[in-house]
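Please examine the sequence and the structure shown below.

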Amino acid sequence: MNEFLHQLASGLALGGVYAIMALALVMIYQATQLVNFAQGEMAMFSTYFAWKLTDLGWPYWRAFMVTVVVSFLGGVAIERIVVRPFAKAPVLASVIVFIGLALIFNALAGWIYGYSVTDFPTPFDGPPWFGQRYMSAHESGSVLVSLCVLMLVYAFFRFTPLGLAMRAAAQNPTSSRLVGIRVGWMLAIGWGLAAAIGAIAGMMAAPIVYLDPNMMAGVLLYAFAGAVLGGIDNPFGAAFGGFAVGVLENLMGAYVVGSEVKLSVALAIIVGVLVWRPSGLFGRRLVARV
Amino acid sequence: MSRILEVRGLRAFYGPIQALFDLDFHVGEGGVSALLGANGAGKTTTLRALSGLIRRQGDIRLSGKPIGALSTEAIARLGVAHVPDGRGTFTDLTVEENLRLGAYVRSDRNAVRRDFDRMFDYFPRLAERRRQQAGTLSGGEQQMLAISRALLMRPALLMLDEPSFGLAPMVVAEIFRILAAINRDEGVSMLIVEQNASLALDLADHAVLIETGRAAMSGPSQTLRTDDAVRRAYLGY
């Protein structure tokens, strides 16, 4: 029983990372109906940036904040420079651009920082919280950070004029422009936010999966499975899906399929959901009006 | 009467296809101009060209300032509120959020709050449905919402694309009564596209008849109303 609870708890910790990664995917998906396959590598690159800062002796939280801000600006720049020219291109062209971006970030990280696996610091050191034995301090802290991100993102979209404008621009670009919203910038800000959230996901995942240029490949796949499971057009669903996939992955890895092939759990979830319930658990079924 | 909108030689294009040919017309300060014509004549296209939603050429001036090369967003920010055909409702957002988007570029919060109340006075049904998802409103309510959203921009010029489209006659009458009141009491200048020529001529002081992308006739509403050809073709008596 103890072992089971322990597996459940570590599932939740990584699940939080998947949840916010899934949220980043959904954010871009809602605005463009495209899945950003470079999201994971962008997050990995941000994480290396944070590692470099802590390596230079910066205190953790200062490095964390600076990384989030720089990632936001980087995300905006990527949208403006690389993604924007393909806004009217066919879907496949955009997919190729995303894959290209992923390869570029992967190669850049390897070139700059090398391919050796590195430790990444956690701000949540010390004994487990609240005297329990199932979850390490970092795992608890990681869940807490994930929940904070989810709440902040919710509050941003729900309560701020900019958040409202971004939702409007994603939903009805023409009407948005007619009330004076600069739709192009809303997309860029969306990319910035997704990159910033990805950076946080990377920094929370790195102490668990360790830092190397391929660290986010699995994470992105699980996040994608979470997003599909919850419904890729529904931020809440995607976040829930992320947590669910984290727990499922861990339990399956521990008790059913073994940790070597547990990545295939993600694929099984994706295929299963697409076959049985393509809109996801909480997604909206699209019914076209003719 | 000075002119809020002055259009000379307006041409517009859908891709390589030219849809408007050297259109001239104007909207007087505080006045209402109507664009009349059959289906496919180019009325909606004219509004879309003025808003910069499609490629256009020609001299377009808002209060004397050329706006023919500006982006849609910039034109909206200069005070052109366009209620598009199909009403352009943000269907997944609430009624209140739709209205807040109308006031998105404004920073005068207290005035915005007063304008909200004013819209709810004009259209009490919107007040009742404040928190409801806008996509669940009836067609008439969505038209009222679209007009309110546009008015919350405090526009210099309100452009309406077929506000009567698909609505019951009683609802149409109510909407036109309120439009007339808004024009009279608040001095909002309007450019209105209508299939229903008789309704539009009642509201407008100036009218343009468009046929296949060209201005077939223009002048004071009274002149068009009494023209035999217009009467037979568009007023139906």
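A:L221 is found in helix 9 (residues 215-230) of chain A; helices (H or I, at least four residues) and strands (E, at least two) are DSSP runs, numbered from the N terminus. This is a predicted model, in which local features need pLDDT of at least 70 and side-chain atom pairs count only at pLDDT 80 or more, while totals for chains, interfaces and linings use all residues. Residues are numbered from 1 along each chain as its sequence is written, and chains are lettered from A and ligands numbered from 1 in the order in which they are written.

Is A:L221 buried or exposed? A:L221 has 21 other C-beta atoms within 10 Å and is therefore buried. A residue counts as buried if 20 or more other C-beta atoms lie within 10 Å of its own, as exposed if 12 or fewer do, and as partly exposed in between, with C-beta atoms placed from the backbone. Leaving aside residues up to four places away in sequence, A:L221 touches A:L263 and A:A266, where contact requires that the C-beta atoms of two residues, placed from the backbone, lie within 7 Å. Between A:L221 and A:I200 there are 21 residues in sequence and 17 Å in space, C-alpha to C-alpha.

Not counting residues up to four places away in sequence, A:I20 touches A:S146, A:V149, A:L150, A:I197, A:I200 and A:A201. The largest nonpolar core has 167 residues, and A:I20, A:M21, A:A22 and A:L23 touch the most other members. Such a core is a set of buried Ala, Val, Leu, Ile, Met, Phe, Trp, Tyr and Cys residues joined through C-beta atoms within 7 Å. Helix 1 (residues 2-32) of chain A gives the most to this core, namely 18 residues.

Chain A as a whole has 11 helices and 0 strands. Its radius of gyration is 19 Å, close to the 19 Å that the globule rule gives for 290 residues, so chain A is as compact as a globular protein of that length. The radius is taken over C-alpha atoms, and the rule is 2.2 Å times the number of residues to the power 0.38. Along the principal axes, the C-alpha atoms of chain A fill a box of roughly 55 × 45 × 35 Å. Of the 290 residues in chain A, 49% are buried. Among contacts in chain A between residues at least 6 apart in sequence, 73% join residues at least 24 apart.

The next step is the contact between the chains. Here 15 residues of chain A are in contact with 20 residues of chain B. On the side of chain A that touches chain B, helix 6 (161-171) and helix 7 (173-178) of chain A each supply at least two residues. Helix 6 of chain A gives the most to that side, with 6 residues. By class, the side comprises 7 nonpolar, 5 polar and 3 charged residues; Ala, Val, Leu, Ile, Met, Phe, Trp, Tyr, Cys and Pro count as nonpolar, Asp, Glu, Lys and Arg as charged, and the others, Gly among them, as polar.

Helix 6 of chain A also takes part in covering a helix of chain B. In helix 3 (residues 95-102) of chain B, 6 of the 8 residues are buried: B:V95, B:N98, B:L99, B:R100, B:L101 and B:G102. Their cover includes helix 6 of chain A together with helix 4 (109-122), helix 5 (124-128) and helix 6 (139-151) of chain B.

Chain B comes to 10 helices and 10 strands. Its radius of gyration is 17 Å, close to the 18 Å given by the globule rule for 237 residues, so chain B is as compact as a globular protein of that length. Of these 237 residues, 47% count as buried.

What is the strand order of the open sheet of 6 strands in chain B? The order is 6-7-8-3-9-10, with mixed pairing; two strands pair if DSSP finds at least two bridges between them. Strand 6 (80-83) and strand 10 (214-220) of chain B are the edge strands, each pairing on one side only. Strand 7 (residues 157-161) and strand 8 (residues 189-193) of chain B run parallel and are joined by 5 bridges, and B:L158 stands opposite B:M190 in strand 8. Strand 9 and strand 10 of chain B pair in the antiparallel sense over 6 bridges. In the hairpin of strand 9 and strand 10 of chain B, which has 2 residues between the strands, B:T212 takes a positive phi near 40 degrees.
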